[in-house]
Structure formats: structure tokens, C-alpha cells
Amino acid sequence: MKTRRFTMAQALIQFLRQQYVERDGREHAFFAGVLGIFGHGNVAGIGQALQQNPDFPYILVRNEQSGVHLAAGFAKGSNRLRAFACTSSIGPGATNMITGAALATINRLPVLLLPGDIFARRNVAPVLQQLESTATQDIGVNDCFKPVSRYWDRIYRPEQLVTSLPEAMRVLTSPSDAGAVTLALPQDVQTEAWDYPEALFEKRVWLIRRPEPDRVSLTRAIQAIGRAARPVVVCGGGVLMSEASEALDKFVKLTGIPVAETQAGKGALAWNHPQVVGAIGATGTLAANRLALAADLVIGIGTRYSDFTTASMTAFQNPEVRFVNINTAEFDAYKVGAVPVVADARIALEQLTAALSGFHVSPKYAAEIAGLKAKWDAEVDRLFHLNNPGKPAQSEVIGAMWQASGPRDILVSAAGSHPGDLHKLWRTTTPNGYHMEYGYSCMGYEIPGAMGAKLADPSREVFVFLGDGTYLMMPTEIVTSVQEGVKIIIVLVDNHGFASIGSLSRSLGQEGFGTRYRLRDARSGQLDGEPIAVDFAANARSLGAHTIQAANLAELKAALEEAKAQTRTTVIVVETDTSVGVPGYDAWWDVAVAEVSERPGVQAARANYELARKRERHHL
Ligand SMILES: Cc1ncc(C[n+]2csc(CCOP(=O)(O)OP(=O)(O)O)c2C)c(N)n1
Ligand SMILES: [Mg+2]
């Protein structure tokens, strides 16, 4: 057997460079490079290996967590066909990646995590940053990655790479199992040499499969659709990952079935497609929610049925409602008692279209869909043009951003009050033009996630809708965006705290307690003093961004044009009027209210809550 002598870290990097993927006859390298931060736990191993591979990109990030977010954003923007590996030192550098790992796994996005680990040799333990246990020596902080990884391994000996790496690739390239893959790398083992089989470093092409549906399940799905009077498609992120937009377009044009969108699936079809009725669920449009309410058949495609999508199991109230689920993951296909079609979305849709050539929804239902859609479009126009005196309303900021963006541009966001507003209002024209991380809804994802989306397709302008709370949590990847020349446009909406959780708190009778950015008042002892003055523009400028302060809607529109002409990451700061919000449209989200309280507001909220919960259903 021909062998090559490498350190474990060198072998690992050499292997990553040779991994390719193929789908629909197109083939390309899977890994775009490595992101990370060096410390004593990886500098001599992975760091040394990367140095001797200068044509395999290494991007120095500012925080290991945001590094993983960047990797997740890149994988999402690439429809999971490409990925980054993330390297960290041991201890805090490693555990910083856990939030990113959870985000990637929940959103089913492939990221390869390579945390450094404590000495396998053990004789010098406890090393700096080592977690000790009185019960075992076989434990460390990297064990915390286990529940948030789809595959987890620790490489105690250099030769273990040979069996571990193919498993890691199987999971990373799986259409149903993709998520975070963690290979914990003890710092001494990273530097140990071994004679690796040459075959490990040969080019390997992983087929990203398009699984075909089982014939019986498909027939049952066809029969269920053929019988339906009020079918609705719930379009999830799997439609985008499968690049099934065209197939979905054909299917719904043929059948007249309306398409409601989850956060992850929004934009698979253009907003003005005749069948698209927009967002569904807790943050849904009136059109989609009304259709869902009375639907007798829900065709869930590539969706996990999160509580936002099902409005905490209240969205579908027709007593006869049944489900057909098309999903590559058996786990998701079987949810809500559905006819499970375990298959690739594009393949399944093509087969359904071929089989349902005689099917079309009734003219009455078609007219109802068209009427609801027209009403919704008018509602969005109204919210975009409120002519709010003084500071703009958030919906006007969204309208201005939408007007400034081109049809191929990308909108990125993750947490705050705006994901709900954007889900309803943003008018996506091109697939992947709406990039909302709403599986983990993680504050701090937005800036690195947007960089990932930009790296996935540099030809598209990327706009970020960012809250002041999120900005204060994780602004520092702006420095990395300057370092790498990855330009994004950030619209930082300053509303002095958490508008989202603030209004949730008020709806629970808690008066926004602890959600405003205010000074502690000497007399009350509470956080209800003067607003805290943070100069966001100066802060962003200090990190290297071009910054613009916009005082009103006209200035925001001018700033957006200026930002588009910039080559550098640009941060536009705008204050909004928090008194004007986007309403909910027959929406409900289950957030449990205190069962006993001395506050009448909480007692009233609890009474409403108990009533509302009665609408929650089991779909068995
Ligand atoms: C990491 C993290 N911590 C906490 C939360 C809970 N949370 C959701 S939105 C939000 C407030 C966000 O504030 P901001 O970015 O200013 O947006 P706004 O609510 O004002 O629109 C919080 C604390 C979260 N989603 N992510
Ligand atoms: Mg805020």
C-alpha cells in the first residue's frame, strides 16, 4: 500500500481539499476553506497544516460562534452544496462554537467543526482550560457538542481519521441528515505523524442524492390530492435546498393549489406568482392563514412544521384536514400523521405533476385564492406607505429596503421583531433572495450569516435587517467583512431595546419589564431611567464600516442608494417609531403565561391564554 507521512492535522486538511460533490451532473469542491481562531489548542496542529496549504483559504474571524454562523450562512446560501470547516482552540474557543453548532443542526445545514481538545496523552493534565472530572478522565467540554451535532467523534490516534472522515462526509452531504459534524482534535494528536494510505487523499466525489418516492406512498399522495377540495401547499426550506422552484411552479400552475410559505421556504416562488399567498402561521399573512384554517389537505414540502408554521398547532382547523408530506427526512415526512413521501422535493413534485394532469381546484376556490392574494398585496402596499410622521415605522423601513433592492438581491435576518414583519411583508423575487435564520432565531447570526450568503453568491447584493439588540451582541464580524472585502449593507434599526420581547412581555401582562435599554433610575431602582445613548454609527465606523445616520424615511432612501454605490460594508443607522407595529393576522403563538400572579395584567393574560390554547389540535 502506498502511504504518505503526514501529521494528523496535515492529513485532515489534505483530505478536505479533495472532497467534491455532484448533483444534477454538476460537480465542484465541497469545502470553500477553513474559518477560525488559533490558540494553543490548534495553532501547532491545524494552524501549521493550513500554513503549508496557502491555496486553501483560511479566514480569521473575530469570534468562534460567529465563525460558525458564517459557515452556516454560506451553506444555506449554497443550498447545502458547499461548506466551510471551522477550527478553534480548546476550552472557550471550542465552547464558543456550540451555539453555532446548534443553529446549523436545527437548520439542517452542513458545517464541519474542528475544536481542539485536551492532551490524549494525559500526563501533563490538567492543561490550561481543561475541565476536570472526579469520575472519569474521558470527558471534556467538547462532549457538549454531542447533542447539537449530527455526527461527533474524538480522534485519539492519527489513524482514526481514516475511518472518521468518510463518516463525517456522509453526514455533511446527506440530504436528510446534514447538520453540524464535530471532530474533536486533541492538541497533541493533531501534531502526531502517521503513514496514511495514499488513497485517502485521492479526489472523491460525493453524490448529493435525489431520492425517489416509494410507489405506494406516492399513489396515496396522488389519491389524497385528487380528492381534496381545499388543498394548500406549505412550502418549506427543503424546496430551496432541492432547487425545486421550477417543479413547484409547474405543479401549482397545473393544479391551482395555493402556496403558503414558511420562513425557510419563502421565496421559492416569486411573491407575485399567482399561487403564492405568502407567509403561513404565527407570522403569517391573512391570505395564507385563512386558507390554512379551512384546508382539507395540507401538502407540506420540505418543512419541519415548527410552532411558527403551525401557529402552535392552531393553523389547521378543518376537522377533516389531512396531510401529505414530501421530505428527504423520514423524520419530518411522518409528522402530523401525514401520508409520508420520503423523497427529494423536485423529483416528487415532477411525479405528482405528471400524475395529476386532470386535477384543478374548483373555480370558486381559485377565485377565493385570487381575492385573498389581491387583498394581501394591498395590505403590504399600505404598510409600506404609512406616511408616519417623524420617525419611520418598521414596515416603512422594510418598504424602503425592498424598493432599494434589486430582484436578485438577498435579505438576511434572524431575530427580533422584524423576522415576523419580514416574513409577512418582504417581496422575494428570486430563490434564496430571502435568507432568514429562523430555526434557531439566533441574535448575532445576521452579520456573519450575511457574509456567508455573500460568499456563496458574490454577484448578489446582500441587505441585513438588524436590531440594536443584536448589533450590541455581535457586531465584530464587520471587521472580518472589511478584512475579506465581503461587502454587505446593514440597516441597523435603533428602537432602544427589544421591541419583540417587549411587546411579547406586554401581551403577557408584564409591561415590557427588562426589555428596554434605559439607565437604572436612582429613585425606582429599576431600568426605567433615561434611554441609554449609544452612538451606533461611531461604533460601526470604528470597526471599519462606512456609516450613515438616517433621521427619517427620505434620508434612509438616500442612504440605501449611497450604500449600494459603496464597495465597503455599510451600516445605516435609523431610529424607528415603535408605537406603530405590523399587526398579526389570525395568528397565535403559544408562550405560556404565569398561572398565578398578583398582577391583574398577568391574570387577564392567563385567562386569554387558557381560552386560546383550546384551539390547539393534535394531528394524528
Ligand atoms: C442569542 C439570543 N438571545 C436571546 C434571544 C431572545 N430574543 C429574541 S428577539 C430579542 C430582542 C432583539 O432585540 P433587537 O435586535 O433590538 O430587535 P427588536 O426586538 O428591537 O426588533 C431577544 C432578546 C435570541 N433570539 N437570541
Ligand atoms: Mg431593538
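Visitor: Which glycine just after α20 takes a positive phi?

Guide: Glycine 509 does, with a phi of about 80 degrees. Keep in mind that this is a predicted model. Inside α20 itself, Ser500, Gly502 and Ser505 are buried.

Visitor: What is the phi of valine 336?

Guide: Phi of valine 336 is near 45 degrees, again positive in a residue other than glycine. Valine 336 sits in the loop between α12 (330-333) and β17.

Visitor: Is valine 336 buried or exposed?

Guide: The relative accessible area of valine 336 is 12%. The cut-off for buried is under 20%, so valine 336 is buried.

Visitor: Where is the cis peptide bond?

Guide: Go from alanine 125 to proline 126: that bond is cis, with omega near -5 degrees. Proline 126 belongs to the loop between β7 (111-117) and β8 (151-154).

Visitor: Now strands. How do the side chains point along β2?

Guide: The general idea comes first. In a regular strand, side chains alternate between the two faces of the sheet. Now take β2, residues 19-23. Gln19, Val21 and Arg23 point to one face and are buried.

Visitor: Which strands pair with β2?

Guide: Strand β11 (residues 204-207) pairs with β2 in the parallel sense, over four bridges. Strand β3 (residues 26-29) pairs with β2 in the antiparallel sense, also over four bridges. Follow glutamate 22 to see both pairings. In β11, leucine 207 stands opposite glutamate 22. In β3, the bridge partner of glutamate 22 is glutamate 27.

Visitor: How many residues lie between β2 and β3 in their hairpin?

Guide: Two. Aspartate 24, in the turn, has a positive phi of about 50 degrees.

Visitor: What is the strand order in the open sheet of six strands?

Guide: Read it as β14-β13-β12-β15-β16-β17, with parallel pairing. The edge strands are β14 (276-279) and β17 (339-342), each pairing on one side only. From one strand to the next, the twist averages 20 degrees.

Visitor: How many bridges join β12 to β13?

Guide: Three bridges join β12 (residues 231-235) to β13 (residues 259-261), and these strands run parallel. For one pair, find valine 234: its bridge partner in β13 is alanine 260.

Visitor: Which helices lie on these strands?

Guide: Helix α10 (residues 245-255) lies across β12, β13 and β15 (297-301). Its direction is at about 170 degrees to β12. Helix α11 packs on the sheet too, touching β12, β13 and β14. The direction of α11 makes about 100 degrees with that of β14.

Visitor: How do α11 and α14 pack?

Guide: Two packed helices are described by the angle between their axes and the distance between the axes. For α11 (residues 286-294) and α14 (residues 363-384), the angle is about 150 degrees and the axes are 8 Å apart. An angle over 145 degrees counts as roughly antiparallel, and α11 and α14 are therefore roughly antiparallel to each other.

Visitor: Which residues meet where α11 contacts α14?

Guide: From α11 come Leu286, Ala287, Arg290 and Leu291. From α14 come Tyr365, Glu368, Ile369, Leu372, Lys373 and Trp376. The contact divides into seven nonpolar, no polar and three charged residues.

Visitor: What does alanine 168 touch?

Guide: Leaving out residues up to four places away in sequence, alanine 168 touches Tyr151 and Val181. Alanine 168 lies in helix α6 (residues 161-172). Its relative accessibility is 3%, and it counts as buried. The C-alpha atoms of alanine 168 and tryptophan 152 are separated by 8.3 Å, with the two residues 16 apart along the chain.

Visitor: Last, which protein donors does the magnesium ion (ligand 2) have?

Guide: They are Asp468 (OD), Asn495 (OD1) and Gly497 (O), lying 2.0 Å from the ion. Along the chain these donors follow the spacing D-x26-N-x1-G. Aspartate 468 is in helix α18 (residues 468-473), while asparagine 495 is in the loop between β21 (489-494) and α20 (499-507). This pair, 27 residues apart, links distant parts of the chain. Aspartate 468 and asparagine 495 are both buried.

Conventions:
Residues are numbered from 1 along each chain as its sequence is written. Chains are lettered from A and ligands numbered from 1 in the order in which they are written. This is a predicted model: local features need pLDDT of at least 70, side-chain atom pairs count only at pLDDT 80 or more; totals for chains, interfaces and linings use all residues. Side-chain values use heavy atoms; hydrogens and water are left out. Axes are lines fitted to C-alpha atoms, for helices over the stretch in contact, and angles run from 0 to 180 degrees between N-to-C directions. Angles under 35 degrees count as roughly parallel, over 145 as roughly antiparallel, 65 to 115 as roughly perpendicular and the rest as oblique. Contact means heavy atoms within 4.5 Å. Ala, Val, Leu, Ile, Met, Phe, Trp, Tyr, Cys and Pro count as nonpolar, Asp, Glu, Lys and Arg as charged, and the others, Gly among them, as polar. Donors are N, O and S atoms within 2.8 Å of the metal (3.2 Å for Na, K and Ca); water is not among the atoms, so sites may look incomplete. Buried means under 20% relative accessible area, exposed over 50%, partly exposed in between (1.4 Å probe, protein chains only). Two strands pair if DSSP finds at least two bridges between them.
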